[in-house]
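Open the model in your viewer and keep the sequence panel beside it. The stops below say what to select next and what is there.

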Amino acid sequence: MKQQGMLQISQNVASFPPPPPGFGGPEVGEHIHLFRAIDQDKRVIDIAQLNGKQYILAFLSTTCPACSSTAEALQKTAIEHPELRILIVADADLEKNRRFAAQHNLTIPVLTPEPELVQTIYKIGGFPLVFLIDEDQKVQKRGIINNYNHLMALLASVSAKNSDTSLIWS
């Protein structure tokens, strides 16, 4: 196990699949588009306020079967590692997102974006797509996360790359 802040990550987890061509979204090293959205509890979440912090930004659809297991993996991770910041960007329909959050017992924010955010601004062409965002609002890593093992592999790939434990997920 490798300790990253309070997060312990096994270096022996299965790899995660990279997104195929056409999945869209910002590439590693690119800045993300900053936005505000409301979550399932109608709280306003402003991504710009996360500047200087690392977080997971997951794009899911409430109608995508693989996204259900991704949401459950993200929630499990949030419970096991409360120091991690995790945000889900879902449909542009608050009621759908509220039902999705309730169905999966999600306590992490499920954001309802403006309709153009996902397809026009972020150009997301497939779900589920997960990004690790660094302190400078740049994509540190990205991948398709279908389950908890994929998520742990994504986090492990970042921790393996950085030996300074104060840099990652503290």
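Begin by selecting Leu 60, Ser 61, Ala 90, Asp 91, Ala 92, Pro 113, Glu 114, Pro 115, Val 118, Gln 119 and Phe 127, the residues that line the largest pocket. On a 1 Å grid over the protein atoms alone, a pocket is an open set of points with protein on both sides within 12 Å along at least five of seven lines, and a lining residue has an atom within 4 Å of a point. The volume of this pocket is about 160 Å³, taken as the space filled by probe spheres set on the points, which are joined across faces, edges and corners; the probe is 1.4 Å. Its lining has 7 nonpolar, 2 polar and 2 charged residues, where Ala, Val, Leu, Ile, Met, Phe, Trp, Tyr, Cys and Pro count as nonpolar, Asp, Glu, Lys and Arg as charged, and the others, Gly among them, as polar.

This is a predicted model, in which local features need pLDDT of at least 70 and side-chain atom pairs count only at pLDDT 80 or more, while totals for chains, interfaces and linings use all residues. Residues are numbered from 1 along each chain as its sequence is written, and side-chain values use heavy atoms, with hydrogens and water left out.

Stay on Leu 60, which is in the loop between β5 and α1; helices (H or I, at least four residues) and strands (E, at least two) are DSSP runs numbered from the N terminus. Leu 60 has 1% relative accessibility and so counts as buried (buried is under 20% relative accessible area, exposed over 50%, partly exposed in between, with a 1.4 Å probe and protein chains only).

Of its 25 residues, Ile 56, Leu 60, Leu 74, Ile 86, Ile 88 and Leu 106 touch the most other members. At least two core residues come from each of β5, α1 (65-80), β6 (86-89), α2 (94-103), β8 and α4 (148-161). The largest share, 5 residues, is supplied by α4.

Now turn to the aromatic rings. The structure holds 3 aromatic pairs, meaning rings of Phe, Tyr and Trp (its six-membered ring) with centres within 6.5 Å; planes under 30 degrees apart count as stacked, over 60 as edge-to-face and the rest as tilted. Select Phe 35 and Tyr 122: their ring centres are 6.1 Å apart and their planes at 90 degrees, so this pair is edge-to-face. Phe 35 is in the loop between β2 (7-9) and β3 (36-38), and Tyr 122, 87 residues apart from it, is in the loop between α3 (115-121) and β8 (129-133). Both Phe 35 and Tyr 122 are buried.

Because Phe 59 lies in β5 (55-59) and Phe 131 in β8, the pair ties together parts 72 residues apart in sequence. Phe 35, Phe 59, Tyr 122 and Phe 131 form one aromatic cluster.

Finish with the backbone. Phe 127 and Pro 128 are joined by a cis peptide bond, with omega about -10 degrees. Which residue has phi near 65 degrees, a positive value in a residue other than glycine? Select Gln 137 to see it, in the loop between β8 and β9 (139-143).

Conventions:
A nonpolar core is a set of buried Ala, Val, Leu, Ile, Met, Phe, Trp, Tyr and Cys residues joined through side-chain atoms within 4.5 Å.
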